Amino acid sequence: IIYSSPFLRALQTALEVALSMLFTKNDYMINEDNDNDDTNIPNNIHHVIQTHGLILSYNLLKNWDNYLKVMDKIIDTPFHKLKWLDLSHNQLTTIDKEISQLESLSVLYLHGNHFQSLNCIKILNKNKKLQKITLHGNPSVYVPITTTTTNTSKNHNRKTLEEYPHYRHKIIHYLKDTALKSIDFIAITKKERQDSTLYIESMKRKQKYRLQLRLQKEKEGKS
């Protein structure tokens with residue numbers, strides 16, 4: 001059913017997401033107990049949901065292997081037509097190439113996982129319809145503590161991706177071929193896009209200069 005009213009379309013989406021959450025959370029919880037083993041997929045699962053949204057948050061997912069097979073049994077709608085995917089608060093460290101095949105995907109939640117670098121999102125540049133993404137709360141590598149503190153908790157020398165300089169500028173650049181409009185629930189401004197372009201151009205100049213400097217030193221060393 002296609003509704004002409006924006007309100008009814010929004011209501012339809014909300015209901016679809018609620019149904020997908022109800023099923024995946026209660027009827028078949030995908031979690032660590034399944035050990036990513038195909039043999040643990042119940043045989044009686046069949047296509048029972050028509051939805052464009054799916055919530056898989058808080059499921060201890062470490063990778064995307066085999067879950068497409070599960071979802072393909074659950075969702076009646078062709079999986080590549082999925083528009084809204086919530087993979088937040090899991091244990092993902094990489095983004096599987098399967099996600100880049102979701103050609104209709106417009107919303108992707110990845111916050112609260114274990115991504116250590118923004119380089120992993122480059123594959124999402126193939127998702128041309130992607131409009132919203134979340135990546136906050138992903139811990140990066142440990143960094144030295146520069147200030148004296150009585151609290152020795154490891155959390156104090158753990159930085160998240162969004163704490164690094166040019167976090168949003170890099171995401172905008174890496175996903176430049178998508179329809180990206182929002183990062184971490186905050187709309188991208190025109191100035192951010194301009195600053196992202198300037199930042200990338202600056203980095204390219206620096207890399208070129210470093211390369212020229214290295215080649216010059218190598219040439220001097222041989223003479």
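Good morning. Histidine 89 has a relative accessible area of 32% and is therefore partly exposed, where buried means under 20% relative accessible area, exposed over 50%, and partly exposed in between, with a 1.4 Å probe and protein chains only. Histidine 89 sits in the loop between E2 and E3; helices (H or I, at least four residues) and strands (E, at least two) are DSSP runs, numbered from the N terminus. Its phi is near 55°, a positive value in a residue other than glycine.

Before I continue, a word on the source. This is a predicted model, in which local features need pLDDT of at least 70, side-chain atom pairs count only at pLDDT 80 or more, and totals for chains, interfaces and linings use all residues. Residues are numbered from 1 along each chain as its sequence is written, and side-chain values use heavy atoms, with hydrogens and water left out.

How confident is the predictor? The protein chain averages a pLDDT of 77, and 65% of the residues score at least 70; pLDDT is the predictor's confidence in each residue, from 0 to 100. Over residues 7-12 the pLDDT is below 50, and this stretch has five contacts in the model beyond near neighbours in sequence; contact means heavy atoms within 4.5 Å. Residues 147-155 also have pLDDT under 50, with two contacts beyond four places in sequence. Where pLDDT is low, the predicted coordinates should not be read in detail.

Let me turn to the overall architecture. The protein chain contains four helices and eight strands, and from the N terminus on their order is α-β-α-β-β-β-β-β-α-β-β-α. Of its 223 residues, 38% count as buried. Among contacts between residues at least 6 apart in sequence, 64% join residues at least 24 apart.

The next topic is helix H3. Six of the eight residues of H3, which spans residues 167-174, are buried, so this helix is largely enclosed by the rest of the structure. Which residues of H3 are buried? They are Tyr167, Arg168, His169, Ile171, Ile172 and Tyr174. The cover over them includes strand E4 (132-134), strand E7 (182-183), strand E8 (186-187) and helix H4 (190-222).

How do H3 and H4 pack? Their axes are 9 Å apart and form an angle of about 85°; axes are lines fitted to C-alpha atoms, for helices over the stretch in contact, and angles run from 0 to 180 degrees between N-to-C directions. The two helices are therefore roughly perpendicular to each other, since angles under 35 degrees count as roughly parallel, over 145 as roughly antiparallel, 65 to 115 as roughly perpendicular and the rest as oblique. On the H3 side, Arg168, His169, Lys170, Ile172 and His173 take part, meeting Glu192, Arg193, Asp195, Ser196, Tyr199 and Ile200 in H4. The residues of this contact divide into three nonpolar, three polar and five charged. Here Ala, Val, Leu, Ile, Met, Phe, Trp, Tyr, Cys and Pro count as nonpolar, Asp, Glu, Lys and Arg as charged, and the others, Gly among them, as polar.

Leucine 135 lies in the loop between E4 and strand E5 (139-142) and is buried, with a relative accessible area of 1%. Its contacts, not counting residues up to four places away in sequence, include Tyr167 and Ile171, together with Leu110, Phe115 and Asp184. From leucine 135 to tyrosine 167 there are 32 residues in sequence and 9.9 Å in space, C-alpha to C-alpha.

Beyond four places in sequence, leucine 108 touches Leu85, Leu87, Ile99, Leu124, Leu130, Lys132, Ile133 and Thr134. Leucine 108 and aspartate 86 are 22 residues apart in sequence, with their C-alpha atoms 5.9 Å apart.

Serine 104, between strand E2 (84-86) and strand E3 (107-109), counts as buried at 10% relative accessibility. Leaving aside neighbours within four places in sequence, serine 104 is in contact with His80, Lys81, Leu82, Lys83 and Lys129. Lysine 122 is found between E3 and E4 and counts as partly exposed at 42% relative accessibility. Leucine 60, in the loop between strand E1 (53-55) and helix H2 (67-74), has a positive phi of about 60° although it is not a glycine. Leucine 60 is partly exposed, with a relative accessible area of 40%. Thank you.
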